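Hi,

Here is the structure I promised to hand over. Please open it alongside this email; my notes follow below.

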Amino acid sequence: MALFRWRESMRVGVSRIDADHQHLIVLLNRLHYLSLAGADRIARATVIDSLVACAEAHFHVEHAMIANTGARGLEGHRRDHQAFFDRLVRYRSQHRERPERFDVSAFYDFLADWLLMHVMRDHTKLKAHFQMPAPAGPATAAVPREAGGA
């Protein structure tokens, strides 16, 4: 297991979607560190539960955004998400039932591979639909000075 790194090429251009992807990567890497540290099942379960909750919330937001853009392929995207989510929940169930036999490495690889392919393949297709028009107004915003600062 190698650490999963966020890359600028993964950016979709919608702050909520990008933040969710980055948070999933943080959780994925936390699982990696816990594995290296020999963490107990409770610590792993907490991260796995967080991954499931984060993925579920992310998918709801993403589906709504895709529906609002009128982009094609929403049903296929939903099916892909559901298949991933079902597998994610199966992994969580396996961990709950037999944590001593849970293959953290296989779980990590599944998540890392899926996340990379989902973002780089699927979101590349949707990127144009997600792009928001730039807000009108000055190109730069005034930056407030800190109290007592120069």
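Helix α1 runs over 23 residues and spans 32 Å from its first C-alpha to its last, close to the 33 Å expected at 1.5 Å a residue. Keep in mind that this is a predicted model.

α1 covers residues 15–37. Its buried residues include Ile17, Leu24, Leu28 and Leu31. Just after the helix, glycine 38 adopts a positive phi of about 70°.

Now the aromatics. The structure has 8 aromatic pairs. One of them is phenylalanine 59 with tryptophan 114, edge-to-face, at 6.0 Å centre to centre and 70° between the planes. Phenylalanine 59 belongs to helix α2 (residues 41–69) and tryptophan 114 to helix α4 (residues 104–130), so this pair ties together parts 55 residues apart in sequence. Phenylalanine 59 counts as buried because its relative accessibility is 6%.

Both rings belong to one aromatic cluster: Phe59, Phe84, Tyr91, Phe102, Phe107, Phe110 and Trp114.

The charged end of arginine 7 sits over the ring of phenylalanine 4, 5.8 Å from the ring centre.

Best wishes

Key
Residues are numbered from 1 along each chain as its sequence is written. This is a predicted model: local features need pLDDT of at least 70, side-chain atom pairs count only at pLDDT 80 or more; totals for chains, interfaces and linings use all residues. Side-chain values use heavy atoms; hydrogens and water are left out. Helices (H or I, at least four residues) and strands (E, at least two) are DSSP runs, numbered from the N terminus. The expected span of a helix is 1.5 Å times one less than its number of residues. Buried means under 20% relative accessible area, exposed over 50%, partly exposed in between (1.4 Å probe, protein chains only). Rings of Phe, Tyr and Trp (its six-membered ring) pair if their centres lie within 6.5 Å; planes under 30 degrees apart count as stacked, over 60 as edge-to-face and the rest as tilted. A charge sits over a ring if NZ of Lys or CZ of Arg is within 6 Å of the ring centre and within 35 degrees of the ring normal.
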